[in-house]
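Biologist: I'm new to this one. Could you put it on the screen and walk me through a few spots?

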Amino acid sequence: MKQRYHASMKLNLKKFNQILWSNFRGMVQDMLDPEFYLGKYFTKNTNTGEKTTRIGCFTDTGCKQSPLEIIDFDAEENVTLERQTYYCVPVPGENQWIKDSYKQAFNNDPVIMQEERNNAQKRRLDEDEIVVNEEKMETEISSKTSNSLEKKLRENNTESAEGSQQKGAEAKPKSKIDYARNFPLSEEKGNAAFVKMYSKTTSLKLNDVAEFICILSVDPHFAQSSMQEEMETNEVTWHEFNMEEDRAHCPPPSLVPRLHCLYYNKLEELNPNVRNNHTDYECASKELTSIRADLIQTLKGLLGGDGIAAEYLLLHLISSVYGRVGAMCVGKFALNLFKLPNSGFCERLYQFIEKIVPKSHYLPMSLNNLNNKQFIPSKDFQANRLTSGVLQLSSGTNLILDETQMEPGKLDTDGVKNLTALGNLIQWQKLEYDFTFNRLDIETNVNVLVLSEGKSLLKCDCQLPINFEDTTKQTNATSEKLLQKFRYYLSNVRQMKYELTEEVQKALEDDFVEMRKEDSKAMNADAFYVLLTTARYLAISHGQSTLSAALWTRVKELDADLRKRLR
């Protein structure tokens, strides 16, 4: 067995009876139209006339045992079935320590290690030694199949260009998107894959992250699309069909492998050590109080000694949407930290955050990014694919917006649209997907942290000016052992359940009435919601499943300090 690791794709390949098995982890970026295939069909031997029954599941094309066999498409016994195809991409914003954790967890698997030792002891070149060489696979598949296809495309594109000069406006615009690497974050590394699902009861939806156990198809015949074959058979010119859709749906398997899913697991928690109940994780769950103190101290150092800002930043990092009441999103805690000391502060803070959270993305709010980047996913009807956008992120991603990168200039139409999308994401945790003729709201769960010089132009749940007491306390040097504890701590508290007893609810209601009497303008329903949200995450951060009187007092102290700073 040979293991290969990509940035987001773990191809743990094993060959059994000429079948390659793989393990793939990714995010569902697009859901293609249902695909029909022959679940059961018959082949006929051209020499003997003998008919053989074949099964079409878990293959891209019909299986034939010899060149003398042909598929009998007219057989009455043929059974046509349906399967769903998902286009999955590397998990957007997945941080390097997560990738390293998967690699380490895989290498330390005792079953795999024992199998490797057995293979080393009894090596058989013709049966046991399976070496999956990516360069060789790409050479064999691409050179034999996709080159001929590309050559034909170039020839027909030339013909189409000549024809377009005569037809003028009748020519259709060509799509410029590379749908083999249609990643929300362009800097993401790794491979995408078409995952074919055979269950009609799958719960996967757009932007879900999952791990798939699949059969890997590397059939080079599939790189030359079935539509092209049909046209060649019927002597129909290639450019008369929808080239863009066929190219977007049928890239060479060397670029986008086809995976036929046997089993999948939707991943709510990305850290493999947490899911596997690693010994260190179990130990960390018993030391939440001490780890919290260390994390607060570290954040305090990054924030120039501001303990209040450190508290609010911690609450932001563990926040998550846990319910929706109508249009209102319950649980979100978007945070705006402003009055930053210098231009390098944002980068240093993000460098620490990406070391302790599984998924994060740093987005400078420069004029160039706002005007030129596509934030909102849109439907390309010509290619029949969903074009990704920067904000197409999976649940639990930490998005850091750096407004200090803004410069004087004018936002164009796309820039205004992108800024509006950010505002809707923060306030409603929804993202409008552009389908040209209509817009579709997709619910999100993205933690947004806005860093700015003055108050952000984006409305956040909490806006806090930082008081830098001592800039020499800023540090980014933290041991790997301590970072691992921080990761376990955040994973643990995020999973904690939180409930309020009837007595506590009654006490909170009475307290709200008293606060309204003292200052009815400042203490409205929105302000009280922020207080309750702060109380929830403060209790969870201390490892408590309910709110105590001491913690509620601490919440009001934090709120009083916040209001004092904003005056």
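Biologist: How far apart are the end C-alpha atoms of helix α8, residues 288-302?

Modeller: Keep in mind that this is a predicted model. Helix α8 has 15 residues, so at 1.5 Å a residue it should span 21 Å. The model agrees with that, as the end C-alpha atoms are separated by 21 Å.

Biologist: Let's go to Leu314 in α9. Is Leu314 buried or exposed?

Modeller: Helix α9 runs over residues 307-317, and Leu314 lies in it. Leu314 touches Arg292, Leu295, Ile296 and Leu299, along with Tyr489, Leu490 and Ser541. Its relative accessible area is 0%, and the cut-off is under 20%, so Leu314 is buried.

Biologist: What separates the C-alpha atoms of Leu314 and Leu299?

Modeller: Along the chain, these two are 15 residues apart. Leu299 is also among the residues that Leu314 touches. Their C-alpha atoms are separated by 8.1 Å.

Biologist: And Ser456, which residue does its side chain join in a polar contact?

Modeller: Ser456 sits in the loop between β20 and β21, and at 10% relative accessibility it counts as buried. Ser456 is in contact with Asn336, Glu403, Val450 and Gln463, leaving aside neighbours within four places in sequence. The side-chain polar contact, at 2.5 Å, is with Glu403.

Technical notes:
Residues are numbered from 1 along each chain as its sequence is written. This is a predicted model: local features need pLDDT of at least 70, side-chain atom pairs count only at pLDDT 80 or more; totals for chains, interfaces and linings use all residues. Side-chain values use heavy atoms; hydrogens and water are left out. Helices (H or I, at least four residues) and strands (E, at least two) are DSSP runs, numbered from the N terminus. Buried means under 20% relative accessible area, exposed over 50%, partly exposed in between (1.4 Å probe, protein chains only). Contact means heavy atoms within 4.5 Å. The expected span of a helix is 1.5 Å times one less than its number of residues. A polar contact is a pair of N or O atoms within 3.5 Å; within protein, one must be able to donate a hydrogen and the other to accept it, and residues adjacent in sequence count only if both atoms are side-chain atoms.
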